[in-house]
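Morning. I have one structure to go through, and I will keep to what can be computed from the atoms.

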Amino acid sequence: MPTTPTADDDRATEARALLAHLGTAMIATGQPVQEIEEELAEIAVELGYPDVQTAVGPTGLVVTLTEGGPATQRSAPPGLRLHQSASVRRIRYQLLQGELTLAAAREQLAEVARRPVRHPLWLVALAWPVLAVGIALILQPGWANVAAAAVGAVIVFGLVQLAERYQVVAALLPTLAAFLVSLVVFGAANAGLLEGPLRTVLPPLAVLLPGALVVNGMSELAAGHMQAGSARLTYGLAQLGLFALGLLMATALLRVPTSTLTNLRVDEIGWAGAAVGLVLIGMSICLMEGVALRMQGWVLLVLSLAFAAQVGGQELGSIALGGFLGAIAASLGASVVEMRRPQLARLVLFLPAFWLLVPGSLGLVGVTELAAGRGTATDVALELIGVAIAISLGLLVGSSLGRSLRGWLAAPTAR
């Protein structure tokens, strides 16, 4: 004879559905799976389910409140923008503080996915070339190179708009973007208008490069999540290959000599270019991602900390050391800001700094040089993996220090 569901059963079902909804939203923000599992466990304890078990992957999760109990599976939605990520983080914080009911939290999570960027389209479109100019001022600070990066960013923005309407463009977006930007940049180089075209290609493509995928994959592998980590890493490396394919197709069409495909840095602007570039990167990311005005100063602060640590590490040692120290500064700095201002999402403060570390750009340079016959597969693989591991370890160290500091500050209150 079937039993009638009790109030406790109904609440358990609602809690399980909420955890699944919140967890998939966190996946869409780009968080590593180990952090999602830890934070979902905190929420479950607050809701009265300390025995919760979750299996989080890069595309979905399974959650059960008790061992052997009913389970809920949910697929992750498409990636969220930073203003949506901030809302997800705020909902999580309110659940921890007991300020939201289960039904209200689910309703707000559903609303977050439908929330558009508040800025007009023309302002968002303007932010793309501004971002490319900012990255170029740091990565390849030559006047002609900066102008070419801005033109390339306009092309990439147009392709992204087409990809939202046409599936074939979305599938070929990495190759198409690299191909068209490379035609412009290497065409200008063939005409003698600029030097160092390989590094000039990178700023317009930086938004699309899979640096976050590669580094998140390495951090998940380091944390013992082999399935999620290997899947992200494989997908990220495949994306790098598609970008390199588009670039090499353009250079073959233009008959660019192999000697041009070198990692040459042009510096015509000097140190002031890096400072201006840093500000432009922070402003443009906030416009593109709809970040609230009250958070933009904090975003720039964490960006500055990450950049200073990265440059210091490169001066002291190598690119890998710079990435390691930059990742620690970004992760720990964002954690400290969130502790002081709980309404400011750590992830929103951290991700713009993550773009500055440019692991995907370094990988694209390496893959392109390999395809052009200017390096060995071993050297390219070791360089890419070394930088990715360094940044991943920096993320783990920074987040661990942040959690330790949060626990140390909370201990006197508990006592």
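Before anything else, a cut-off: buried means under 20% relative accessible area, exposed means over 50%, and partly exposed is what lies in between. L176, in helix α8, which covers residues 173-190, has a relative accessibility of 30%, so L176 counts as partly exposed. L176 also belongs to a nonpolar surface patch with L162, Y166, V168 and L172, and together these residues have about 440 Å² of accessible area.

Now the overall picture. Please keep in mind that this is a predicted model. The chain has 415 residues, 50% of them buried, and its secondary structure consists of 17 helices and three strands. Of the contacts between residues at least 6 apart in sequence, 73% join residues at least 24 apart. The accessible surface is about 18,800 Å², and carbon and sulfur atoms account for 62% of that.

Next, the salt bridges. How many turn up in a search of the whole structure? Four. One of them pairs R89 with E39, at 2.8 Å from N to O. That pair links helix α3, where R89 sits, to E39 in helix α2 (residues 33-47), across 50 residues of sequence. Both R89 and E39 are buried.

E39 also meets R92, here at 3.4 Å, N to O. R92 is in helix α3 as well, and 53 residues separate R92 from E39. R92 in turn has a salt bridge with E42, at 2.8 Å from N to O. E42 lies in helix α2, 50 residues from R92.

Are E42 and R92 buried or partly exposed? E42 has a relative accessible area of 38% and is therefore partly exposed. R92, with 10%, is buried. Through shared partners, the salt bridges join E39, E42, R89 and R92 into one network.

Helices α1 (7-29) and α3 (82-96) each contribute at least two lining residues, with α3 giving the largest share, three.

R232 sits in helix α11, residues 226-253, and counts as buried because its relative accessible area is 9%.

Notes
Residues are numbered from 1 along each chain as its sequence is written. This is a predicted model: local features need pLDDT of at least 70, side-chain atom pairs count only at pLDDT 80 or more; totals for chains, interfaces and linings use all residues. Side-chain values use heavy atoms; hydrogens and water are left out. Helices (H or I, at least four residues) and strands (E, at least two) are DSSP runs, numbered from the N terminus. Buried means under 20% relative accessible area, exposed over 50%, partly exposed in between (1.4 Å probe, protein chains only). Contact means heavy atoms within 4.5 Å. Accessible areas come from the Shrake-Rupley method with a 1.4 Å probe; for residues, only the protein chains shown count as cover. Patches are made of residues with over 30% relative accessible area and no salt bridge: like charges are joined within 9 Å, nonpolar side chains (Val, Leu, Ile, Met, Phe, Trp, Tyr) within 5 Å. A salt bridge is a side-chain nitrogen of Lys or Arg within 4 Å of a carboxyl oxygen of Asp or Glu.
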